[in-house]
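Keep the structure open as you read.

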Amino acid sequence: MTKKILILPGDGIGPEIIAEAVKVLAFLRDGSDLDIAMDEALVGGAAIDATGEPLPDATLDLARQADAVLLGAVGGPKWEPLPIEIRPEKGLLGLRRELGLFANLRPAILYPQLADASSLKPELVAGLDIMIVRELTGGIYFGQPRGVSAREGGERVGVNTLRYTESEIRRICEVAFDIAGKRDKRVCSVDKANVLECTELWREVATDVGAGYPNVVLSHMYVDNAAMQLIRAPKQFDVMVTTNMFGDILSDAAAMLTGSIGMLPSASLNETGKGMYEPIHGSAPDIAGKGTANPLATILSVAMMLRYSLDQPGLAERIEGAVSNVLDAGLRTSDIMSEGMRQVGTCDMGDAVVNAMADASRA
Ligand code: IPM
Ligand code: MG
């Protein structure tokens with residue numbers, strides 16, 4: 001049956017990098033047994049400009065009907081003066097919540113070709129392969145009460161609430177343990193159980209879930225220490241599982257260990273395996289429209305989509321292999337450029353990946 005893919009280019013460099021990912025999808029649609037239909041819709045600032053809302057009903061309806069969603073990025077300075085309720089980011093958060101995408105998988109893999117681009121010494125990051133499993137529909141991002149309230153005693157008060165139910169903790173921990181079972185069989189659960197009761201509960205539930213996975217080793221770490229360990233000795237980690245906000249922060253740090261945030265894809269999954277796929281970098285308004293952005297994180301997000309939502313692991317590997325071949329050939333966008341390599345723009349990089357896939361299938 002034809003699988004429906006909803007494409008949401010979004011803002012900033014979003015449309016440019018999405019165009020390259022669409023090239024890859026179209027190449028596979030036309031040249032393999034991949035049976036997909038692509039549709040496109042507005043989200044974020046682009047949707048605000050056209051409709052006044054960051055997540056129009058029409059977009060949400062299409063996203064609900066789709067088997068998978070591919071998103072570029074949202075946000076930019078143009079919309080920053082707007083009230084938080086109608087900022088572009090609300091489009092992204094609304095999609096996560098409405099589609100129930102509670103499990104955010106953020107791999108941090110170092111491509112050996114890019115070892116020099118890391119801010120850490122090559123020996124600390126060689127072979128790095130971490131999977132951060134971030135809870136995505138709960139915690140302080142969504143907890144009530146929230147907001148800035150009228151003056152109390154002469155000043156305004158800002159409130160956000162960190163809240164997790166046992167079942168929310170359990171299901172994300174199960175995802176992490178399932179993934180670890182297929183990898184190096186180690187889960188590090190990150191919390192702040194020495195201060196926050198909510199994450200004391202997190203630690204208890206993680207321990208309880210872990211008891212059901214005797215072949216996976218569970219450790220616990222406070223988030224401040226985890227941030228330090230990621231920079232001190234990142235290879236100690238296999239799978240990390242954590243709350244929405246801790247995962248937001250740690251995944252940016254982990255990404256930078258790999259040299260460029262421009263290389264890293266992500267998947268956000270619901271209970272049924274439906275997913276939204278996006279690069280973990282943002283809309284990079286400073287380079288938008290220049291044709292210099294790195295499309296590889298978005299192209300690798302397509303690979304994750306094929307693996308997790310479309311049951312096409314072979315095609316996912318073809319994309320990943322092509323990306324590796326293009327790096328081997330010395331092609332680099334400016335964010336990962338180093339001496340002796342050939343600098344290319346967004347569009348040339350996308351073409352190179354498609355050509356590498358074509359070459360590999362001829363070989
Ligand atoms: C991310 C981003 C988002 C988040 C923003 C854009 C709302 O930083 O996906 O990591 O905080 O989750
Ligand atoms: Mg973030």
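A disulfide is a pair of cysteine sulfur atoms within 2.5 Å. The sulfur of cysteine 198 is 12 Å from the closest cysteine sulfur, in cysteine 173, so the gap is too far for a bond. This is a predicted model.

**Cysteines**

- A disulfide is a covalent bond between the sulfur atoms of two cysteines.
- How many disulfides does the rule give? The count comes to zero.
- Cysteine 188 has its closest cysteine sulfur in cysteine 173, 11 Å away, and that is too far for a bond.
- Cysteine 188 is buried, because its relative accessibility is 4%.
- Cysteine 198 is buried too, with a relative accessible area of 16%.

**Salt bridges across the chain**

- Side chains of opposite charge can pair when their charged atoms come close.
- The structure holds 18 salt bridges.
- One of them joins the side chains of arginine 134 and aspartate 248, at 3.8 Å from N to O.
- Arginine 134 lies in strand E5 (residues 129-135) and aspartate 248 in helix H9 (residues 244-257), so this pair ties together parts that are 114 residues apart in sequence.
- Is arginine 134 buried or exposed? Arginine 134 is buried, with a relative accessible area of 1%.
- Another salt bridge brings together the side chains of aspartate 191 and arginine 203, at 2.8 Å from N to O.
- That pair links distant parts of the chain: aspartate 191 sits in strand E8 (residues 186-191) and arginine 203 in helix H7, twelve residues apart.
- Aspartate 191 is buried, because its relative accessibility is 0%.
- Arginine 203 is partly exposed, with a relative accessible area of 22%.

**Salt bridges within a helix, and a network**

- The side chains of arginine 362 and aspartate 359 also meet in a salt bridge, at 2.8 Å from N to O.
- Where do these two residues lie? Both are in helix H12 (residues 346-362), three residues apart, which is about one turn of the helix.
- Why does arginine 362 count as exposed? Exposed means over 50% relative accessible area, and arginine 362 has 63%.
- Aspartate 359 is partly exposed, because its relative accessibility is 44%.
- Glu20, Lys23 and Asp351 form a network linked by salt bridges.

- Which residues form the negative surface patch? They are Glu166, Glu197, Glu200 and Glu204.
- Helix H7 (residues 197-211) gives the largest share of this patch, three residues.
- Glutamate 197 is found in helix H7.
- Glutamate 197 counts as exposed, because its relative accessibility is 60%.

**Valine 223**

- Valine 223 is found in helix H8 (residues 223-232).
- Valine 223 counts as buried, because its relative accessibility is 15%.
- Valine 223 and alanine 356 are 133 residues apart along the chain, and their C-alpha atoms are separated by 41 Å.

Notes: Residues are numbered from 1 along each chain as its sequence is written. Chains are lettered from A and ligands numbered from 1 in the order in which they are written. This is a predicted model: local features need pLDDT of at least 70, side-chain atom pairs count only at pLDDT 80 or more; totals for chains, interfaces and linings use all residues. Side-chain values use heavy atoms; hydrogens and water are left out. Patches are made of residues with over 30% relative accessible area and no salt bridge: like charges are joined within 9 Å, nonpolar side chains (Val, Leu, Ile, Met, Phe, Trp, Tyr) within 5 Å. Accessible areas come from the Shrake-Rupley method with a 1.4 Å probe; for residues, only the protein chains shown count as cover. A salt bridge is a side-chain nitrogen of Lys or Arg within 4 Å of a carboxyl oxygen of Asp or Glu. Lys and Arg count as positive and Asp and Glu as negative; His and the chain ends are not counted. The place of a charge is taken as NZ of Lys, CZ of Arg, CG of Asp or CD of Glu. Helices (H or I, at least four residues) and strands (E, at least two) are DSSP runs, numbered from the N terminus. Buried means under 20% relative accessible area, exposed over 50%, partly exposed in between (1.4 Å probe, protein chains only).
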